[in-house]
Amino acid sequence: MNYLLCTLFEIKWLPDIWAVILVSVIGFGVVISLLILTVLFLVLAERKLLGFFTQRKGPNRVGLWGVLQTTADAIKLLCKENIELLSSDKFIFTIAPIMAFASVILLWCLIPYNSEFHLINSSVGVLLYFAIASLPMIFHFLAGYSSNNKYSLIGSYRSLGLTCSYSIVLMLSVMSVILVSGTMDLDKIVLFQSKTWMIFSNVLGFLIFFIATLAKLNRCPFDLSEAESEIVCGYHTEYSGMRFAMFFLGEYAELFVMSMLVVILFFGGYLPPFGMYLANAFMGNCEFCSYLIYFEQTIWLFIKTLIIVFVIIWIRATLPRLTQVSTLNMFWKYIIPISIFNLIMIIMMRALW
Amino acid sequence: MNYILTTIDSVLNWGRANSIWPLTFATSCCGIEMMCASASNFDIARFGSEVFRPSPRQADLLICAGTITHKMAPLLLRLYQQMPEPKYVIAMGACTCGGGMFSSKDCYSVVKGIDKFLPVDIFLPMCPPRPDALFDAVLKLQKKIKKESILTRKEFIEGHKIVFEERDEILVLKEERNEHI
């Protein structure tokens, strides 16, 4: 980012303010195109993987191995009728899916993709991330509330109840990470792990964070708020066409960005797993390599993230759904005490070192 | 103008034909075959339509799997009306095609064919049809969608709106008569 900014500053006929705007627009465009490509790929990957887990083939008729399946879905959803309910609260009903998707896009801008490309670089990156990450839930609730449907309302209440249970656990486990690394900057957390990954010094914290992540993403076994066999579709029961697609894509984009955060906090982010870049190992220290390294960092981040996403889909194919009561029981009675214990242990270790 | 229309049509129809999301709706034994069609030996996912939507707002296809009684018919009609355009109907099983084994005059409770109140695209008789037959129906529906045009679809919607209102009254009347009996 800084490199691009400097090259633009050197152009004489371009005013400085335009250079700054241009750089942020280019960065945002890159992030958006990454998001849409990954989400299109991710939906297909989930359908394929669920097929393989249940000994099926998955979509394989459209394009080679069904690669274009999600593209067909997107075209269909774009051109489907948008149903407006007479009894709904129209303003909130239209704005809720847009805002839910927009807040997920903001999350994508907070992630350091490599050591240079970091769109919103804040010294309290983790805090900012979780402040924005709580927004989609609020818009899910508003969507369920405004559509004036009993199933939507039950779904949105369930998602609120789930939020009450997981958010404390999530923050407690993130606090343990912040205590170990001693910083809230996502970039510095990644660089802190250049010798050993965080997961080796904070195993319990990782397990707790992963469970809370599943709850945050509304994934199995915590997909209470859109339980298809109990309440029709949860909060998006009344949504059709592109508005439904906004929720659908937003969910998958959030899944990917949360997995990226797991990688950044616990698996060394964009750093290579064996302490050395492949570009340097094969080509030595040339000038071309220093540019190649940035791409390699992004590829490492994505590979690690895809492994986490695979595990999450694997869990979805394996586990049944918990009830609301047992979820609350599990989080409040067992996981919160364990995470407080973990936090105290980390504090004691920090004090002894 | 015609050229632009046909290119738009071909792209749209390609998308629509390859992602037919059915509604989870089954009233009797044909439903078992429909579930079997999405399970491992047959796998409806190959055609991109394993996404069984529980909400009619997000579905494209109403696979009417099973006997429809006079009491169920208004609910089915409501489900159909709740679906957004473009929407398609497959009448699965002999009962939905023309009453099947309930087609005698003595049978007072079963609607003799759902085409009396819904515009059916594909009829799939048999009692019950195997999953392979359901795939055949889905593939035939895909072929039908690929031949469609935006203009003809609009005419189709306009033509069927009036029919619905009339049929609605008939169904209500029938229900009242049943209560009398």
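**Close-up views of a predicted two-chain model**

**View 1. A right-handed β-α-β unit in chain B.** Strand β1 (residues 61–65), helix α3 (residues 73–82) and strand β2 of chain B make a right-handed β-α-β unit. Right-handed here means that, with the strands pointing away from the viewer, the path from the first strand over the helix to the second runs clockwise. Helices (H or I, at least four residues) and strands (E, at least two) are DSSP runs, numbered from the N terminus. This is a predicted model, where local features need pLDDT of at least 70 and side-chain atom pairs count only at pLDDT 80 or more, while totals for chains, interfaces and linings use all residues. Residues are numbered from 1 along each chain as its sequence is written, and chains are lettered from A and ligands numbered from 1 in the order in which they are written.

**View 2. Strand β2 of chain B and its partners.** β1(B) and β2(B) run parallel and are joined by 5 bridges; strands count as paired if DSSP finds at least two bridges between them. I63(B) has I90(B) as its bridge partner in β2(B). Then there's β3 (residues 122–124) of chain B, also parallel to β2(B), with 3 bridges between them. There, I90(B) is partnered with I122(B). So is β2(B) mostly covered or mostly open? Mostly covered: 5 of its 5 residues are buried, meaning that 20 or more other C-beta atoms lie within 10 Å of a residue's own, with C-beta atoms placed from the backbone. Y88(B), I90(B) and M92(B) point one way, and V89(B) and A91(B) point the other.

View 3. Chain A is split into domain 1 (1–79) and domain 2 (86–352), with bounds that come from an automatic or database domain assignment. Their C-alpha centres lie 19 Å apart. In all, 19 residues of domain 1 of chain A are in contact with 18 residues of domain 2 of chain A; contact means C-beta atoms, placed from the backbone, within 7 Å. On the domain 1 side, α2(A) gives the most, with 13 residues. That side has 14 nonpolar, 4 polar and 1 charged residues. Here Ala, Val, Leu, Ile, Met, Phe, Trp, Tyr, Cys and Pro count as nonpolar, Asp, Glu, Lys and Arg as charged, and the others, Gly among them, as polar.

**View 4. The largest nonpolar core.** A nonpolar core is a set of buried Ala, Val, Leu, Ile, Met, Phe, Trp, Tyr and Cys residues joined through C-beta atoms within 7 Å. The largest one has 82 residues, and A253(A) and V257(A) touch the most other members. Helix α11 (residues 241–266) of chain A supplies the largest share, 19 residues. Both domains of chain A give residues to this core, so it lies between them. Leaving aside neighbours within four places in sequence, V257(A) is in contact with V104(A), L107(A), W108(A) and I111(A).

**View 5. Chain A against chain B.** This contact takes 29 residues from chain A and 19 residues from chain B. α3(A) brings the largest share of chain A's side, 5 residues. By class, chain A's side has 10 nonpolar, 9 polar and 10 charged residues.

View 6. With 7 of its 10 residues buried, α3(A) is largely enclosed by the rest of the structure. The buried residues include Q69(A), D73(A) and L77(A). What covers them? Among the covering elements are α2 and α11 of chain A, together with α1 (2–18) of chain B.

Terms used
Two residues are in contact if their C-beta atoms, placed from the backbone, lie within 7 Å. A residue is buried if 20 or more other C-beta atoms lie within 10 Å of its own, exposed if 12 or fewer, and partly exposed in between; C-beta atoms are placed from the backbone.
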